[in-house]
Amino acid sequence: MLPDFPLSRRELRERLLYYVKMQVQERSVFAKLGRQFTQHEGRAFTYEQILDDQERRTVESRFEEIRTPVEFRYADVPKLVGDARMEKLNGLAEDIARQQSALAYRVLDEASQHAGTAIDGGGKPMTKELFLKSEESRETEFDPVTGKVQGVYIAHPDMAAAMHRMWQEWEKDKVFMKAIDEIRARKYEEWRDRESRRKLVD
Amino acid sequence: MLASEGETVLYISSHGALEQGKDIVTLGPEKVPRAYQLKSGNLKLPEWQRFKGEIDELVELPISTAIVRSRQHHRPYFVTNGRIGETVLNRIETANKVWRRHNPRALQAVQGHELVSRFIKAHGSFLPRETEAFSNLLELIVNSGAGPFDKARFSEFLESTLRLSGASITPRDAGRSITNAVLLTSYIVQNCERAGNHWALFEAWVVTASYILAMASKYRMAAKWWNGSFALCCLAAVRALDALCQECAGNQTAFIQGDPLTDGDFYPMRMTILAGTLSALSLYHRLKSEKWERQDYVHDFLSEHIKDAKIWGESATPYMVAAALELEHHGAHRHAERLIVQMMHSILALNSQKGRGFANPYYGPEQVFRLFSGMDPMNSEVFIGHSYHLEALIEMLARRLLRTTLAHFWEKITRVHFTWFKPAEDWQWFRWHTYDGILEQKTPNAPQSWSALLEASEGGPIEVPALLRDRPEFAVLFMLVFPHRFGVGLMRLIDHALQRV
């Protein structure tokens, strides 16, 4: 064989793959927001979904493979160091993050369909009515100290920018804001009820 | 080795009442019982005189009918891994004439060099033939010594030796590969023996015992093919803990070990391991209804040193549980319950909020240390939001009617998912790692009925394999070595077995 340095190369490879992992987390909104879980054994997992009426649904799932093609040409390999290599790894991370997000959207969609919290906008732009409907349908969490609503909205960057502009207009609509406040007040009571159930009873 | 030479191992002494000078009892290929007394080192006249009483018993007293139903006289053997002096050999020859009145079969002496040649004869069939397995064997031998035993790597080696993943094999072949595994284990742990690393020896033998149960369960083997080897592994594990206990009792360094500059980080983990292993040994003897003279020492050790123990992660749970169960036996109920509550509190405090959380049971003490001190920089695993052991601890407290304590914690409990890996089949339980199974996560009830919790906690040892249900004393050792298999089922099994005792 040709002269080689397997020990150091193995270590370098581990570091580069770790970099990719971190980049994926940085780019995938779900990896960033969601709670991570590392499964050490088995190829399948179950979890419980608490539905609106406190019913439990056991969801069984298996791992899904994410593939992304990487091409190396002999001629390019000697130059694949420094920025050139980072560029390649960033592309790899971007592709994995995109696939992860697509998978997460699909799972989220299935879960919200089961919970009855899914609202289909039919591809039309967001309206006040649709927004109120979505606020009404979902379970809301509050910070126990400040009482502020917890959670985030996830949207495509274009949609997020549009929503931001719309919100500045909607905020001026007193009727709409009153409706929002009413929903929040109701949601706060529901949250308090849920929290007060976290106890040992007879 | 005896099994490989065609003998059936019937009894291995744990120094109980049946012993009468006999460490091992077998049935020879000619169906004549054989009794062995084992010693170590060179034997000269003073040693001979010291052991003479035991050797008289070995030769003269018949083997208990509880061990073997045979009217034939047994063949007595006196074995040492060292040399036997010329004077001693002469004494044996003379004594044989006297003993003939009780037993016509003369005492035979087996010395170290004969043992070596018998081992070498057995080598051909015992050593792995594949390059990878052989290289693993060598690496395991070289790398084991003073540190924690590499259970993951050793398990991989055993899986290849035992042919667990291959096609079905006959019970006789399975029995042979079990004998192989036991012999190879004894090679692998020789550096641990030399270093006096009793903890590593204990772990190694429990892993081998566990893989024997995996074989027995997978191939539905009759006990005669594996029970002797299993008993041998248990005995070796128990003897390692006995030696550890003895070392603790004679310790003059306040349990400090090695470089004082770095020992502070590891001392609390050492104390947890000692508290757990010594307690487990005491529980083992109690579950076997055996008298054990060091029970009071274990109690004194716990009373004095349990405060120095540290819960490094969920793999510490079985150690704390063993210590709590032992304290309970000595009437220290409040102390015992506090240990369990502290364990539960640690899990809840770290896993119900933000941060990295409390390491799961797949991380041993050293791995946890490396992870949280920046020595494992490329590991980004987080543990918050779930716990593998919380449910078992809750049930343990419920069985002790600690309703107020559980009520106090319930709000936090509801923020942590109960997690449990369920192996697909019973035999997979005994493997270090398996892909065949399902990881289950449950959300704690909110609200939770106390009476329902109490009723559930009194239930049977769900999902625990029959081979473990029938051996609660082994389960106590198993939970320390395989902390990722510890859960509701194993906890119920041990708790209920101790209640019966």
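This is a predicted model: local features need pLDDT of at least 70, side-chain atom pairs count only at pLDDT 80 or more; totals for chains, interfaces and linings use all residues.

Modeller: Residues are numbered from 1 along each chain as its sequence is written, while chains are lettered from A and ligands numbered from 1 in the order in which they are written.

Biologist: What makes Phe255(B) partly exposed?

Modeller: The count for Phe255(B) is 16 C-beta neighbours inside 10 Å, so Phe255(B) is partly exposed. Phe255(B) also has a positive phi, about 65°, without being a glycine. Its place is the loop between α9 (227–249) and α10 (260–287) of chain B.

Biologist: And how do you class Glu156(B)?

Modeller: Glu156(B) has 17 other C-beta atoms within 10 Å, so Glu156(B) is partly exposed. Glu156(B) sits in helix α5 (residues 151–162) of chain B. Helices here are DSSP runs of H or I with at least four residues, strands are runs of E with at least two, and both are numbered from the N terminus. The C-alpha atoms of Glu156(B) and Trp432(B) are 8.3 Å apart, although 276 residues separate the two along the chain.

Biologist: How do you know that chain B agrees with a compact globule?

Modeller: The rule is 2.2 Å times the number of residues to the power 0.38, and the radius of gyration is taken over C-alpha atoms. For 501 residues the rule gives a value near 23 Å; chain B has 24 Å, so the two agree. Buried residues make up 43% of chain B. Chain B has 20 helices and nine strands.

Biologist: What does the globule rule give for chain A?

Modeller: For 202 residues, a compact globule would come out near 17 Å, but chain A has 23 Å. Chain A is divided into domain 1 (6–115) and domain 2 (128–196), with bounds from an automatic or database domain assignment. Their centres, taken over C-alpha atoms, are 30 Å apart.

Biologist: What makes a set of residues a nonpolar core?

Modeller: The members are buried Ala, Val, Leu, Ile, Met, Phe, Trp, Tyr and Cys residues, joined through C-beta atoms within 7 Å. The largest such core has 138 residues, and Met215(B) and Ala237(B) touch the most other members. Helix α8 (residues 198–218) of chain B supplies the largest share, 14 residues. In soluble globular proteins, nonpolar side chains tend to be buried together.

Biologist: Which residues is Ala237(B) in contact with?

Modeller: Contact requires C-beta atoms, placed from the backbone, within 7 Å. Outside four places in sequence, Ala237(B) is in contact with Phe202(B), Trp205(B), Val206(B), Ala209(B) and Leu477(B).

Biologist: How many residues are in contact between the chains?

Modeller: 31 residues of chain B are in contact with 25 residues of chain A. β8(B) gives the most to the chain B side, with six residues.

Biologist: How do you know that β1(A) pairs with β8(B)?

Modeller: Two strands pair if DSSP finds at least two bridges between them. β1 (residues 44–50) of chain A and β8(B) have three bridges, in the parallel sense. Phe45(A) stands opposite Leu439(B). β1(A) is also joined to β2 (residues 56–62) of chain A by seven bridges, running antiparallel. There, Tyr47(A) stands opposite Val59(A).

Biologist: Where else do strands of the two chains pair?

Modeller: β5 (residues 200–201) of chain A and β9(B) run parallel, with two bridges. Val201(A) has Ser449(B) as its bridge partner. In the loop between β8 and β9 of chain B is Pro447(B), joined to Ala446(B) by a cis peptide bond with omega about 5°.

Key:
Two residues are in contact if their C-beta atoms, placed from the backbone, lie within 7 Å. A residue is buried if 20 or more other C-beta atoms lie within 10 Å of its own, exposed if 12 or fewer, and partly exposed in between; C-beta atoms are placed from the backbone.
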